[in-house]
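Let's take a walk through this protein together, starting with the overall layout and then zooming in on some charged side chains.

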Amino acid sequence: MVDTTVKTQPRPFVTMAHRWSSGICDCWSDLPQCCFAFWCFPCFACITAREAGECLCLPLLDAFGAIPPITTALRVSVRQQYGIEGSICNDCVYACFCGPCSWCQISREMKKRKNPITIANKMISVNI
């Protein structure tokens with residue numbers, strides 16, 4: 001009798017602990033996502049916010065501030081959720097001067113951290 005057990009676990013990040021898995025300008029590592037953010041940034045930001053568990057239209061509020069508060073807040077939230085080192089000062093700089101790249105980095109990070117790995121174990125039982 002063959003019993004197959006499948007377990008889904010979060011992807012381990014032993015070598016990337018406390019760091020972003022990609023740089024702020026690594027948009028080329030996920031070209032479709034980069035193009036979507038470039039051609040329809042408001043839609044991309046809203047979808048990324050929803051995937052982070054926030055209100056779908058929350059990023060639209062960024063247009064009303066000198067420092068994009070939603071981009072900064074979501075960046076801080078993702079850093080804290082995944083234990084990524086950084087500072088609110090750096091988050092503000094990225095939000096102000098690299099907004100679309102910052103949203104792409106957030107989206108890539110969530111994809112990599114939430115992408116589960118599947119482990120299949122086959123246990124063989126032999127009746128004697």
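Keep in mind that this is a predicted model.

Now for the layout. The protein has five helices and two strands, and from the N terminus the order is β-α-α-α-α-α-β. Out of its 128 residues, 32% count as buried. The accessible surface comes to about 8200 Å², with 65% of that belonging to carbon and sulfur atoms.

Next, the charged side chains. Side chains of opposite charge can pair when their charged atoms come close. Here the count is four salt bridges.

Where does Asp91 find its partners? One is Arg75, and the closest N and O atoms of this pair are 3.0 Å apart. Arg75 sits in helix α3 (residues 69-82) and Asp91 in helix α4 (residues 88-97), so this bridge links distant parts of the chain, 16 residues apart. Asp91 also forms a salt bridge with Arg79, at 2.8 Å between the closest N and O atoms. Because Arg79 lies in helix α3 and Asp91 in helix α4, this pair ties together parts that are twelve residues apart in sequence. Put together, Arg75, Arg79 and Asp91 are linked in a network of salt bridges.

Are these residues buried or exposed? Arg75 and Asp91 are both buried; Asp91 has a relative accessible area of 2%. Arg79 is buried too, at 9%.

Another bridge joins Arg113 and Glu109, at 2.6 Å from N to O. Both lie in helix α5 (residues 99-114), four residues apart, which is about one turn of the helix. Arg113 and Glu109 are also buried.

Key: Residues are numbered from 1 along each chain as its sequence is written. This is a predicted model: local features need pLDDT of at least 70, side-chain atom pairs count only at pLDDT 80 or more; totals for chains, interfaces and linings use all residues. Side-chain values use heavy atoms; hydrogens and water are left out. Buried means under 20% relative accessible area, exposed over 50%, partly exposed in between (1.4 Å probe, protein chains only). Accessible areas come from the Shrake-Rupley method with a 1.4 Å probe; for residues, only the protein chains shown count as cover. A salt bridge is a side-chain nitrogen of Lys or Arg within 4 Å of a carboxyl oxygen of Asp or Glu.
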